[in-house]
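Reader: I would like to learn how to read strand pairing and pockets in a model. Please show me the structure first.

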Amino acid sequence: MWVVGKIKQFQLEKIKSNLKEKEINGCKIDIYAPRFVFTKKVKNKFIKIEKKLLDNYVFFNLNFSNFDIASKSLKFTKGLSYILDNFKSDQKGIKNFIDNCKNFEDERGFIKPSFFSIIKNSKAKFLNGPF
């Protein structure tokens with residue numbers, strides 16, 4: 001089951017280390033944070049900049065038979081601000097988005113620019129969320 005959480009800024013590595021400690025207790029939680037790279041021209045030099053696609057939002061895959069124990073374990077992780085509500089009802093949409101992102105990743109794990117051209121050419125609308 002996929003869960004969407006908002007993390008505090010620059011805390012992704014801290015969350016990963018905290019979750020590795022919790023894996024010893026039997027909870028298997030995977031993190032997916034889609035990233036992309038773009039080049040920016042600064043003072044006649046091109047600089048590659050790496051950014052997260054969803055800023056401070058990441059996906060957690062809870063591979064645990066008892067969901068309540070895993071969600072409580074995730075809820076009290078250092079560096080995590082909160083977990084978005086209604087993730088249970090929208091599992092299909094979350095899974096489709098993650099699969100779409102993974103299909104457009106290159107060998108280094110960054111999303112290709114063709115991902116953005118498809119989004120630009122199609123009509124998309126957010127139905128609900130934290131905005």
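Reader: Which residue in β5 is the bridge partner of V4?

Author: Keep in mind that this is a predicted model. The bridge partner of V4 in β5 is F59.

Reader: Which other strand is joined to β1, and by how many bridges?

Author: Strand β6 (residues 80-83) is joined to β1 by three bridges, again antiparallel. Within β6, Y82 is the bridge partner of K6.

Reader: What is the strand order in the open sheet of three strands?

Author: The order is β4-β3-β7, with mixed pairing. β4 and β7 (110-111) are the edge strands with a single partner each, so one side of each has no neighbour in the sheet. Between β3 (residues 35-42) and β4 there are eight bridges, and the two run antiparallel. V37 stands opposite E50 in β4.

Reader: What volume does the second largest pocket have, and which residues are closest to its centre?

Author: The volume is about 460 Å³. Of the 19 lining residues, L12, E13, K16, A33 and K52 are the closest to the centre. Elements giving two or more residues to this lining are α1 (12-23), β2 (29-32) and β4 (45-52); α1 gives the most, with six. By class, the lining has seven nonpolar, two polar and 10 charged residues.

Conventions:
Residues are numbered from 1 along each chain as its sequence is written. This is a predicted model: local features need pLDDT of at least 70, side-chain atom pairs count only at pLDDT 80 or more; totals for chains, interfaces and linings use all residues. Side-chain values use heavy atoms; hydrogens and water are left out. On a 1 Å grid over the protein atoms alone, a cavity is a set of points where a 1.4 Å probe fits but cannot get out, and a pocket is an open set with protein on both sides within 12 Å along at least five of seven lines; lining residues have an atom within 4 Å of a point. Grid points are joined across faces, edges and corners, and a volume is the space filled by probe spheres set on the points. Helices (H or I, at least four residues) and strands (E, at least two) are DSSP runs, numbered from the N terminus. Ala, Val, Leu, Ile, Met, Phe, Trp, Tyr, Cys and Pro count as nonpolar, Asp, Glu, Lys and Arg as charged, and the others, Gly among them, as polar. Two strands pair if DSSP finds at least two bridges between them.
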